[in-house]
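Please look through the sequence and the structure below before reading on.

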Amino acid sequence: MNKEEKYDLVVALTEQIKEYVNFYITDTSDLTVAKINNIRRKCFESDIIMQVTKNSLIKKAMEAAGGDFSPIYDVLKGSSSILFSKSATAPAKLIKQLRKGGDKPILKAAYIDSAVFIGDNQLDTLTKLKSKEQLIGEIVGLLQSPAKNVLSALQSGGTTIAGLVKTLQERG
């Protein structure tokens with residue numbers, strides 16, 4: 001790969017890092033071409049973009065993208081693949097699925113919407129992350145709950161303050 005091709009790859013990786021707020025760095029070394037192709041196919045089916053590239057180019061792309069990726073720099077050793085996804089959990093779930101057939105890919109690091117997860121031991125945590133939409137839904141539900149209790153108490157005849165308090169206390 002010549003200097004111009006490396007530059008183009010760094011630019012492309014930088015754009016992907018900026019576009020996708022979630023990416024995983026994995027170790028896929030020592031896998032056969034057939035296994036790598038299988039992983040690529042599964043990634044495609046899961047709307048995950050997989051790219052095998054040199055660690056130095058990944059680091060340059062991170063530096064060009066801005067943001068604090070410094071905790072990830074230490075894991076950029078050996079062979080690395082980078083997985084880009086709109087979903088925070090899809091790559092983790094795919095890695096777990098692939099690991100049923102072998103011990104790789106191994107999670108080196110994940111960058112999820114500015115949070116950094118280092119090490120393969122974070123895989124279970126990453127599969128359980130909730131999306132931003134799920135968290136907002138839960139918060140809205142929690143905020144609506146007290147208002148619903150007050151309205152329900154008012155509608156059930158607790159038209160006085162004392163009646164309202166008594167009805168709310170009975171409902172616990």
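In this predicted model, V75 touches K108, A109 and I118, when residues up to four places away in sequence are not counted. V75 itself is found in the loop between α4, which covers residues 70-73, and β3, which covers residues 80-85.

- Although V75 and L107 are 32 residues apart in sequence, their C-alpha atoms are 9.9 Å apart in space.

**S81 in strand β3**
- S81 has its place in strand β3, and with a relative accessibility of 0% this residue counts as buried.
- The side chain of S81 is joined to the side chain of T28 by a polar contact of 2.7 Å.
- Leaving aside neighbours within four places in sequence, the residues in contact with S81 are Y24, I25, T26, T28, M50, Q51 and V52.

- Strand β1 spans residues 22-27, and six of its six residues are buried, so β1 is largely enclosed by the rest of the structure.
- From β1, the residues N22, Y24 and T26 point one way, while F23, I25 and D27 point the other way, and all of them are buried.
- Strands β1 and β3 run antiparallel and are joined by five bridges; within this pairing, N22 has S85 of β3 as its bridge partner.
- Strands β1 and β4 also pair in the antiparallel sense, here over six bridges, and F23 has Y111 as its bridge partner in β4.

**Backbone features in the loops**
- D30, in the loop between β1 and α2, has a phi near 70 degrees, which is a positive value in a residue other than glycine.
- With a relative accessibility of 78%, D30 counts as exposed.
- D113, in the loop between β4 and β5, the latter covering residues 115-118, is likewise not a glycine and has a positive phi of about 45 degrees.
- The relative accessibility of D113 is 39%, and this residue therefore counts as partly exposed, a class that lies between the limits of under 20% for buried and over 50% for exposed.
- A cis peptide bond, with omega about 10 degrees, joins K104 and P105, and P105 has its place in the loop between α5 and β4, the strand of residues 106-112.

**Helices α2 and α5**
- Helix α2, made of residues 33-45, and helix α5, made of residues 90-99, have axes that come within 11 Å and cross at roughly 140 degrees.
- The crossing of these two helices, α2 and α5, is right-handed.
- On the side of α2 the contact is made by N38, I39, K42 and C43, and on the side of α5 it is made by L94, Q97 and L98.

**Questions for review**
- Which residues does V75 touch, not counting residues up to four places away in sequence? They are K108, A109 and I118.
- Is D30 buried or exposed? D30 counts as exposed, at 78% relative accessibility.
- How many bridges join β1 to β3? Five bridges join them, and the two strands run antiparallel.

Definitions and conventions. Residues numbered from 1 in each chain as written. Predicted model: local features only at pLDDT ≥ 70, side-chain atom pairs only at ≥ 80, totals over all residues. Heavy atoms only, no water. Axes fitted to C-alpha atoms, helices over the stretch in contact; angles between N-to-C directions. Helix = DSSP H or I, 4+ residues; strand = E, 2+ residues; numbered from the N terminus. Left-handed = near helix turned anticlockwise from the far one by under 90°. Contact = heavy atoms within 4.5 Å. Buried < 20%, exposed > 50% of the residue type's maximum accessible area, 1.4 Å probe, protein only. Polar contact = N/O pair within 3.5 Å; in protein donor to acceptor, adjacent residues only side chain to side chain. Pairing = 2+ DSSP bridges.
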